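Hi,

Here is the structure I promised to pass on. Have a look at it first, and then read on for what turned up.

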Amino acid sequence: MQPRNMSMSGVVDLAAVKAAGEAKAKAEQARAEATRQAAQGGAPASAGAVPPSALVIDVDEAGFERDVLQLSAEVPVVLDFWAEWCEPCKQLSPLLERLTIEANGRLLLAKVDVDSNQMLMQQFGIQGIPAVFAVVAGQVLPLFQGVAPEQEIRATLAQLVQVAEERFGIIGIEVDPNAEGAPASAPAAEAEAPEGPYDALLEAAVVALDAGDLGGAVQAYKNVLADDPANIEASLGLAQAELLARVKDMNPQAVRAAAAEDPKDPAAQIAAADLDLVGGHVEDAFGRLVDTVRVTAGADRDAVRVRLLELFEVIGADDPRVAAARTALARVLF
């Protein structure tokens with residue numbers, strides 16, 4: 001199953017959510033093994049560790065899925081979009097390389113030459129360089145553009161590491177200063193994590209999505225949540241599956257025309273916001289619904305507010321665009 005590219009437009013990638021769950025299980029297993037070995041007076045095995053030099057790699061369009069998307073389930077990948085002619089890039093890139101090495105395996109830096117990878121530049125919507133993004137469990141997070149002070153960059157990367165570990169259980173890859181020639185994209189094979197009680201249902205949901213059976217995917221996620229309401233993978237998956245089901249039979253031109261004709265029509269604005277989100281226009285979707293909450297009242301306002309909260313679930317609570325929209329919504333409501 002090929003990873004979806006929806007996350008590059010801001011929508012949660014279900015394959016990446018599953019990968020994040022698997023990564024978290026592996027991370028927990030690794031911690032348990034380290035604790036067991038420490039209790040026995042031993043040291044964790046270092047087979048497969050990579051040299052520090054392997055933490056900085058060059059990435060192109062052909063290898064992006066392997067070297068970034070797949071590897072981001074093991075370690076947060078920082079993307080540095082640069083070009084040889086870009087003078088600010090020559091200041092920023094060495095700093096990013098140094099901070100990545102200092103992180104000792106908790107980050108990987110992937111350098112993207114925009115002159116040779118125009119498609120990647122377009123997919124990320126980059127207007128100028130240097131531009132820095134991160135990919136964690138297949139999800140793209142914008143970090144900053146231009147050259148920032150070292151203290152700010154260091155704080156941003158530290159926050160990235162914290163989010164990767166706390167939300168996804170991603171603890172990075174092992175680094176051995178004495179290791180030679182080991183590629184960063186090929187860490188040591190890890191023991192398979194034991195299957196969880198809902199793995200079969202979650203896998204069935206992803207298979208249903210791949211087959212276009214949105215109703216089946218929705219039901220599979222609901223079955224998991226009926227027994228385990230706190231299951232993050234099922235919650236995120238359900239939110240996206242329901243969104244895709246809502247827009248499946250929409251006529252985009254008619255929906256947008258209706259929304260433009262009456263900014264106070266809650267149903268029209270809700271439908272248009274769904275289309276915005278599926279198209280990757282996250283801030284437009286959020287802004288549309290916040291504006292609609294502002295000009296409606298009673299049951300209409302509540303319907304719009306509920307849909308906005310549902311769209312927050314699709315993107316994820318840690319996304320800065322969600323935080324900004326929550327603040328905007330609070331201002332309108334209170």
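**Aromatic pairs**

There are five aromatic pairs in this structure, which is a predicted model. One of them joins Phe 124 and Phe 133, edge-to-face, with 5.0 Å centre to centre and 70° between the planes. Both Phe 124 and Phe 133 are buried. Another is made by Phe 286 and Phe 312: this one is edge-to-face as well, at 5.0 Å centre to centre, with 90° between the planes. What does the pair link? Distant parts of the chain: Phe 286 belongs to helix H11 (residues 282-295), while Phe 312 sits in helix H12, 26 residues apart. Phe 286 has a relative accessibility of 3%, so it counts as buried. Phe 312 is buried too, its relative accessible area being 1%.

If you go back to Phe 124 and Phe 133, you'll find that they belong to one aromatic cluster together with Phe 64 and Phe 81. While you have the rings on screen, check Trp 82 as well: Lys 111 lies over its face, at 5.1 Å from the ring centre.

**H10 against H12**

Helix H12 (residues 298-315) turns up again in a helix pair, this time with helix H10 (residues 266-278). The two pack at an angle of about 10°, and their axes are 10 Å apart. With angles under 35 degrees counting as roughly parallel, that is why H10 and H12 are described as roughly parallel to each other. On the H10 side, the contact is made by Pro 266, Ile 270, Ala 273, Asp 274 and Leu 277. H12 brings in Asp 300, Ala 303, Val 304, Arg 307, Leu 311, Val 314 and Ile 315. Sorted by class, the contact of H10 with H12 has nine nonpolar residues and three charged ones, with no polar residues.

**Leu 243**

Is Leu 243 buried or exposed? Its relative accessibility is 0%, so Leu 243 counts as buried. Leaving out residues up to four places away in sequence, Leu 243 touches Asp 274, Leu 277, Val 278, Leu 311 and Val 314. As for Leu 277, its C-alpha atom is separated from that of Leu 243 by 8.8 Å, and the two residues are 34 residues apart along the chain.

Cheers

Definitions and conventions. Residues are numbered from 1 along each chain as its sequence is written. This is a predicted model: local features need pLDDT of at least 70, side-chain atom pairs count only at pLDDT 80 or more; totals for chains, interfaces and linings use all residues. Side-chain values use heavy atoms; hydrogens and water are left out. Axes are lines fitted to C-alpha atoms, for helices over the stretch in contact, and angles run from 0 to 180 degrees between N-to-C directions. Helices (H or I, at least four residues) and strands (E, at least two) are DSSP runs, numbered from the N terminus. Angles under 35 degrees count as roughly parallel, over 145 as roughly antiparallel, 65 to 115 as roughly perpendicular and the rest as oblique. Contact means heavy atoms within 4.5 Å. Ala, Val, Leu, Ile, Met, Phe, Trp, Tyr, Cys and Pro count as nonpolar, Asp, Glu, Lys and Arg as charged, and the others, Gly among them, as polar. Buried means under 20% relative accessible area, exposed over 50%, partly exposed in between (1.4 Å probe, protein chains only). Rings of Phe, Tyr and Trp (its six-membered ring) pair if their centres lie within 6.5 Å; planes under 30 degrees apart count as stacked, over 60 as edge-to-face and the rest as tilted. A charge sits over a ring if NZ of Lys or CZ of Arg is within 6 Å of the ring centre and within 35 degrees of the ring normal.
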